[in-house]
Protein chains: 2
Amino acid sequence: MRNPPAVFSIAIDLAILTIRDDRLAVLLIERGKPPFAGRPALPGGFVRPGEDLDDTAVRELSEETGLDGRTLHLEQVRTYAAPGRDPRGAVASVAYLAIAPDLPVPVAGTDAARARWEPVDDDRLGRPWLAFDHDTILADALERARAKLEYSPLATAFCGETFTIGELRAVYEAVWQVRLDPRNFHRKVTGVDGFVVPTGERRSPPTGRPAALYRRGDASMLYPAMLRPGTGRP
Amino acid sequence: MRNPPAVFSIAIDLAILTIRDDRLAVLLIERGKPPFAGRPALPGGFVRPGEDLDDTAVRELSEETGLDGRTLHLEQVRTYAAPGRDPRGAVASVAYLAIAPDLPVPVAGTDAARARWEPVDDDRLGRPWLAFDHDTILADALERARAKLEYSPLATAFCGETFTIGELRAVYEAVWQVRLDPRNFHRKVTGVDGFVVPTGERRSPPTGRPAALYRRGDASMLYPAMLRPGTGRP
DNA sequence: GCAAAAGTGTTTTGCTTACACCCATGA
DNA sequence: TCATGGGTGTAAGCAAAACACTTTTGC
């Protein structure tokens, strides 16, 4: 054939996000060998024969963090295959976004010793940081998460089984990097049909009135949407 | 290595959408050889060595339709790599969504003889239709287009350089498969900052008052958004 | 004049915002 | 009783939906 197809390995790279200390954090590993030895990178690994992409994502999530990808939110973001993006050769990367509740610490696992949570902020994303093109991948995954908070119940994936409205608000504030009015937020969230349902339980904060506990409802889309402030005009 | 990476060819498959006779249409080719010989399929082809995914998409678009991908809207949707999705072996497919103005007919090109526009409706998408997993790919690409009409000026990509508000409304109606109130639509569209700008010209329809012509503005996001009706509650 | 499409005005209803205010708890 | 976060009330402003109405063309 005059124009033979290129041949690729396909890697899955995971942007695993959580909220720690009210700040957005991403799980990174320190690369042990070249290329980019010693540099932080998104965890990931190669698709094996007979595996679908989602399977690889679940497996890598488990191997790198001990997290169970079948119970976590996990979604494909996009694919990167620019020539030269991986010095080792033709490697396409399929990026996945994963959302985890606040965890004690990266759990034991094959590669967990090299893993750590790192805070993410717009400042850090503006400067070169991660190995390969992982800065771009992280930025794209984060933008996906930011957008999906608006019209999907994704924010609940950052929370445990039950959560308070205040915790849910902390998720929105950390991911969007904005301050939201607690009073309006409360009304908005509880007014969206199927977003959260009260459990009847309460939880006492360190100080202050106990907050009602909620669990995730069955809505897959939010209506009305939780629109980001500032997306509008000046 | 105990778990060697799988090796893939990567294909680009294009969901090229346009509006013809006020109906949404997709460009399909008839497959000439097995697998799926004689079945309709999305146009596409393999990534070549040294090519980035976007480059392949632009090249294939040109080869199959004569369209210039550099002037058209073209965006990656997602990647499919389920084992067995291509009987020929390990082929991953990166789906692209392309939007074209109404064209006379698929233009001459390498494979253009096999290409044709086919109307798309929800009815047809419900039944098996295309080769490979292209039904799924088309459905995902279409949903992407439907969603982006809400918050981006994507609809203008279906129109020529200049267009009337009525033509723009026809785009929304065809893609969303709904009827929109012409009067409210007019006000909404012209009220969105940077969506459309008047050229000062007019165009006479077969019958009726001449409509003002507009061209695309410089907004990249719409505010307020053009929300789909019916997404809400009953 | 008539049909057809363009475009404006008006009213109702619902969501967002801003902010005052009350509630329940630990120290 | 005070600080702190939880939660409700209210009013202004904007946007969407529904629909009456006027404008401007071809025939």
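## Two copies, one rotation

Let's start with how the chains relate: turning chain A by 180° with 0.0 Å of shift along the axis superposes it on chain B, with an RMSD of 0.0 Å.

A few ground rules before going on. This is a predicted model, where local features need pLDDT of at least 70 and side-chain atom pairs count only at pLDDT 80 or more, while totals for chains, interfaces and linings use all residues. Residues are numbered from 1 along each chain as its sequence is written, chains are lettered from A and ligands numbered from 1 in the order in which they are written, and side-chain values use heavy atoms, with hydrogens and water left out.

## Where the chains meet

Chain A brings 33 residues to the contact and chain B brings 32 residues, where contact means heavy atoms within 4.5 Å. Of the interface residues of chain A, 97% are also interface residues in chain B, so the copies meet through the same surface.

About 2800 Å² is buried between chain A and chain B, and carbon and sulfur atoms give 62% of that. Buried area here is the accessible area (1.4 Å probe) that two parts lose on being put together, summed over both. On the chain A side, β1 (7-20), β5 (73-80) and β6 (91-99) each supply at least two residues that touch chain B. Strands are DSSP runs of E with at least two residues, helices are runs of H or I with at least four, and both are numbered from the N terminus.

What about polar links? Eight residue pairs are in polar contact between chain A and chain B, both residues at pLDDT 80 or more. A polar contact is a pair of N or O atoms within 3.5 Å; within protein, one must be able to donate a hydrogen and the other to accept it, and residues adjacent in sequence count only if both atoms are side-chain atoms.

## A three-stranded sheet in chain A

Chain A has an open sheet of three strands, ordered β8-β10-β9, with antiparallel pairing. Two strands pair if DSSP finds at least two bridges between them. At the edges stand β8 (162-164) and β9 (196-203) of chain A, each with a single partner strand, so one side of each is left without a neighbour in the sheet. Neighbouring strands are turned by 40° against each other on average, direction ignored.

Five bridges join β9(A) to the antiparallel strand β10 (residues 211-216) of chain A, and V196(A) has R216(A) as its bridge partner in β10(A). Helix α4 (residues 165-176) of chain A packs on the sheet and touches β8, β9 and β10 of that chain; its direction makes about 80° with that of β8(A). The axes are lines fitted to C-alpha atoms, for helices over the stretch in contact, and angles run from 0 to 180 degrees between N-to-C directions.

## The sheet in chain B

Chain B also has an open sheet of three strands in the order β8-β10-β9, paired antiparallel. Here β9(B) and β10 (residues 211-216) of chain B pair over five bridges, and V197(B) stands opposite R215(B) in β10(B).

Two cis peptide bonds turn up in chain A: P34(A) to P35(A), with omega near -5°, and Y223(A) to P224(A), with omega near 0°. P35(A) lies in the loop between β2 (23-30) and β3 (40-41) of chain A, while P224(A) is in the segment after β10 of chain A.

Over in chain B, F132(B) has a positive phi of about 50° although it is not a glycine. F132(B) sits in the loop between α2 (122-125) and α3 (134-151) of chain B.

Definitions and conventions:
Copies are superposed by least squares on the C-alpha atoms of residues with pLDDT of at least 70 in both.
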